[in-house]
Amino acid sequence: MISLPFSLKYSAGPLIIALCAVIAFFFEPLSGNYLAYDRYAIQGLETWRVVTGNVVHTNGYHLLLNLAGLLLLWALHGDHYRIGMFLKVFVWCCIGTSAGLYFFAPDLIWYAGLSGALHGIFSWGACMDIKEKMKSGWLLLIGLAIKVGYEQVDGSSQQVANLIDAKVAVDAHLFGALSGIIIFLLMYATAKRS
């Protein structure tokens with residue numbers, strides 16, 4: 001097996017996601033029309049949207065905010081981001097976010113952006129830190145719970161909504177964060193059995 005240097009071995013997954021998001025952005029509005037989470041299109045069996053809706057963005061500010069979030073997560077938990085593992089977790093966080101929106105947020109018809117999946121990667125990374133006996137993992141998980149809980153009660157920032165030219169889908173943050181925890185627990189339980 002080829003041994004990759006640290007920077008490539010642990011950053012290739014986030015770089016692939018960033019590249020996909022940037023490419024999708026340059027093909028707007030076409031990419032948004034065919035890739036964004038759209039409840040009615042998903043009901044019409046355009047099921048790819050449960051993943052691809054997380055890669056398209058409403059505008060350049062939205063894209064830059066999410067790419068900054070992806071960079072911060074890599075800086076925080078990059079040592080857990082082996083390419084295959086990261087991409088699997090990312091895809092499952094996308095599916096979990098979209099499934100949560102589909103089944104538990106029927107009023108949300110359209111969604112775009114990485115933020116739901118990023119919340120999932122954040123919670124998964126915090127759980128990985130806890131597994132590695134890093135106390136900061138608990139602080140990160142508690143902080144995330146407070147943030148997501150606050151958003152559920154008080155809604156999102158109007159300034160951010162104005163910046164991204166869309167209402168912030170706080171339910172996506174909730175379902176993403178829960179997905180990351182569930183994915184970690186399933187991976188942990190599976191690893192314990194083998």
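# A walk through the predicted model

K133 counts as exposed because its relative accessibility is 75%, and the cut-off for that word is over 50%. The structure shown is a predicted model. K133 sits in the loop between α7 (115-131) and α8 (136-154). Its backbone has a feature to look for: phi of K133 is near 65°, a positive value in a residue other than glycine.

D165 is placed in the loop between α9 (158-164) and α10. Phi of D165 is near 60°, again a positive value in a residue that is not glycine. With a relative accessible area of 63%, D165 is exposed.

P29 lies in the loop between α1 and α2 (30-35). The peptide bond that joins E28 and P29 is cis, with omega at about 5°.

Now turn to helix α1 itself, which covers residues 6-26 and contains L19. L19 has 52% relative accessibility and therefore counts as exposed. Together with I23, F26 and F27, L19 makes a nonpolar surface patch of about 470 Å². F26, another member of this patch, counts as exposed at 64% relative accessibility.

A pair of aromatic rings is described by the distance of the centres and the angle of the planes. How many aromatic pairs does a search of the whole structure find? The search finds five. One of them is formed by F25 and F26, with 5.8 Å from centre to centre and 70° between the planes, an edge-to-face arrangement. F25 has a relative accessible area of 27%, so this residue is partly exposed.

Compare this with the pair formed by F184 and Y188. Their ring centres are 5.8 Å apart and their planes are at 20°, so this pair is stacked. The cut-off behind that word is an angle under 30 degrees. Both residues belong to helix α10 (residues 170-193), where they are four residues apart, about one turn of the helix. F184 counts as buried at 10% relative accessibility, while Y188 counts as partly exposed at 37%.

R39 lies over the face of Y102, at 4.7 Å from the ring centre.

The next contacts are between oppositely charged side chains. How many salt bridges does the count come to? The count is three. In one of them, the side chains of R49 and E46 meet at 2.7 Å, N to O. R49 is buried, with a relative accessible area of 3%, and E46 counts as partly exposed at 25% relative accessibility.

Another salt bridge is made by E132 and K131, whose side chains meet at 3.9 Å, N to O. The cut-off is 4 Å, so this pair counts as a salt bridge. E132 is partly exposed, with a relative accessible area of 45%, and K131 is also partly exposed, at 39% relative accessibility.

E151 and K147 form a salt bridge as well, and their closest N and O atoms are 2.6 Å apart. Why are these residues separated by about one helical turn? They are four residues apart in helix α8, and therefore about one turn lies between them. E151 is buried, with a relative accessible area of 10%, whereas K147 counts as partly exposed at 33% relative accessibility.

H57 lies in the loop between α4 (49-52) and α5. Is H57 buried or exposed? At 4% relative accessibility, H57 counts as buried. The side chain of H57 reaches the backbone oxygen of V55 at 3.2 Å. A polar contact of 3.2 Å also joins the side chain of H57 to that of N66.

H80 is found in the loop between α5 (60-77) and α6 (83-104). This histidine is buried, with a relative accessible area of 7%. The side chain of H80 makes a polar contact of 2.7 Å with the side chain of D129.

The loop between α5 and α6 also holds G78. G78 counts as buried at 5% relative accessibility. Along the chain, G78 and S98 are 20 residues apart, and their C-alpha atoms are separated by 25 Å.

Key
Residues are numbered from 1 along each chain as its sequence is written. This is a predicted model: local features need pLDDT of at least 70, side-chain atom pairs count only at pLDDT 80 or more; totals for chains, interfaces and linings use all residues. Side-chain values use heavy atoms; hydrogens and water are left out. Patches are made of residues with over 30% relative accessible area and no salt bridge: like charges are joined within 9 Å, nonpolar side chains (Val, Leu, Ile, Met, Phe, Trp, Tyr) within 5 Å. Accessible areas come from the Shrake-Rupley method with a 1.4 Å probe; for residues, only the protein chains shown count as cover. Helices (H or I, at least four residues) and strands (E, at least two) are DSSP runs, numbered from the N terminus. Buried means under 20% relative accessible area, exposed over 50%, partly exposed in between (1.4 Å probe, protein chains only). Rings of Phe, Tyr and Trp (its six-membered ring) pair if their centres lie within 6.5 Å; planes under 30 degrees apart count as stacked, over 60 as edge-to-face and the rest as tilted. A charge sits over a ring if NZ of Lys or CZ of Arg is within 6 Å of the ring centre and within 35 degrees of the ring normal. A polar contact is a pair of N or O atoms within 3.5 Å; within protein, one must be able to donate a hydrogen and the other to accept it, and residues adjacent in sequence count only if both atoms are side-chain atoms.
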